[in-house]
Amino acid sequence: MMDQQFATELYPRRLHDLEEQFAELAGQIPDSPQKQALSVLHGITQELWRNLRQQGTPLAERGVQLQDIADLYQHAPAMEGAAVNEPLPVGSAAPDFALPDCSGRLISLSEHRGQAVVLVFYPLDWSPGCSQQLDLYQQEWEEFQQRGAELLAISVDSLYSHGAWAAVRGLNFPLLADFNPKGEVARRYSVYREADGFAERALYVVDDEGIIRYSHVSPFLHHVPDLAELLTTLDDLTARQAA
Amino acid sequence: MVVGSSYSPYGRRLAPPRIPVVVYGTRWCAQTQMVRRYLERLGIPYEYIDLERDPEAVQRLKWLTGGSASHPTLYIGGEWLVEPTMRELEWALARSGLR
């Protein structure tokens with residue numbers, strides 16, 4: 001990182017001062033279409049600068065790139081329904097399962113006995129919330145590794161969809177295909193949305209003996225669970241096992 | 001400029017930013033979580049405004065960004081970033097000399 005003192009002198013102070021002036025003026029202008037127009041103009045200025053900074057070879061010339069595919073979710077239809085299921089209770093045995101990953105290899109819960117497992121049920125590959133949620137877990141992958149936890153992500157998508165989606169996003173933890181019978185494992189975990197044909201956004205933490213120690217169903221499909229809470233749960237589990 | 005929590009959600013005390021960096025977000029937004037953890041890993045001080053707990057901040061943000069209160073929205077030393085990609089965030093930090 002650049003020396004902070006030097007950086008403080010470097011950043012666009014004039015722009016910052018102007019922004020502060022603009023922020024302060026809000027309170028002096030009564031709510032009106034004129035005020036709204038000023039706000040919109042301010043927003044337009046920001047987005048113009050953003051577009052100028054990003055200017056490069058037009059898409060038609062450079063062709064579609066991997067990042068364009070990864071970013072498709074930004075313009076995909078929203079997924080915002082309320083939860084319709086309650087998770088299995090903490091303290092109950094986690095139902096075992098065996099599902100294929102994107103290479104076709106069957107992965108079971110029981111083969112991870114002896115370590116903590118985070119089961120991540122999510123609605124669908126390629127969708128907005130799911131792309132961001134699994135990007136977050138990939139960015140924080142070391143946090144799971146440091147806690148000795150295995151991460152298994154599960155959706156009703158096929159292993160071929162999982163393979164393409166994981167490659168585009170650079171995901172290196174297993175995505176399991178709850179594809180046939182569709183949603184069977186999600187049903188066992190009480191998180192299948194029958195009317196939609198996919199799972200809730202839900203988390204389970206299973207301890208080294210196969211007991212559910214944490215369960216969470218997001219109140220809305222677009223709500224991604226708080227990562228800090230999940231990591232704290234894993235820390236508590238580690239402390240409990242060490243005691 | 002804005003007033004918010006001086007603690008990160010991960011319990012770390014945030015130092016007052018020398019180059020103003022402000023993150024407007026929500027607890028359940030994945031991109032907000034990614035941005036915050038990214039800044040913390042780099043040791044970049046920032047102010048966090050939880051839009052669900054600060055209705056005034058929502059109104060302020062709408063004024064400043066053209067009528068929407070999207071999350072995350074970042075303010076970095078005079079520059080606004082509405083729902084930036086991680087690459088845009090990296091560039092903005094570099095322009096401000098923070099990276």
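Leaving out residues up to four places away in sequence, Q46(A) is in touch with L64(B), T65(B) and W80(B). Keep in mind that we're looking at a predicted model here. Q46(A) sits in helix α3 of chain A. With a relative accessibility of 8%, Q46(A) counts as buried, because the cut-off for that label is under 20%.

Now zoom out to the whole contact. Chain A puts in 47 residues and chain B puts in 42 residues. For chain A and chain B, the buried area comes to about 3800 Å², and carbon and sulfur atoms give 54% of that.

What about polar pairing? The rule picks out 22 residue pairs in polar contact across the interface of chain A and chain B, both partners being at pLDDT 80 or more. On the side of chain A that touches chain B, the elements giving two or more residues are α1 (4-10), α2 (13-25), α3 (33-53), α6 (128-139) and α10 (227-242) of chain A. Of these, α3(A) supplies the largest share, ten residues, and α3 of chain A is also the helix that holds Q46(A). By residue type, that side of chain A splits into 20 nonpolar, 16 polar and eleven charged.

Salt bridges show up too: the rule finds seven of them across the interface of chain A and chain B. One of them pairs E140(A) with R41(B), and their closest N and O atoms are 2.4 Å apart.

On to the rings. Over all chains, the structure holds ten aromatic pairs. Take F121(A) and Y204(A): their ring centres are 6.2 Å apart and their planes meet at 85°, so this pair is edge-to-face. F121(A) is in strand β3 (residues 117-121) of chain A and Y204(A) is in strand β8 (residues 202-206) of chain A, so the pair ties together parts 83 residues apart in sequence. F97(A), F121(A), Y189(A) and Y204(A) form one aromatic cluster.

Technical notes
Residues numbered from 1 in each chain as written. Chains lettered and ligands numbered in written order. Predicted model: local features only at pLDDT ≥ 70, side-chain atom pairs only at ≥ 80, totals over all residues. Heavy atoms only, no water. Contact = heavy atoms within 4.5 Å. Buried area = accessible area lost by both parts, 1.4 Å probe. Salt bridge = Lys/Arg side-chain N within 4 Å of Asp/Glu carboxyl O. Polar contact = N/O pair within 3.5 Å; in protein donor to acceptor, adjacent residues only side chain to side chain. Helix = DSSP H or I, 4+ residues; strand = E, 2+ residues; numbered from the N terminus. Nonpolar A, V, L, I, M, F, W, Y, C, P; charged D, E, K, R; others polar. Phe/Tyr/Trp six-rings, centres within 6.5 Å; stacked < 30°, edge-to-face > 60°. Buried < 20%, exposed > 50% of the residue type's maximum accessible area, 1.4 Å probe, protein only.
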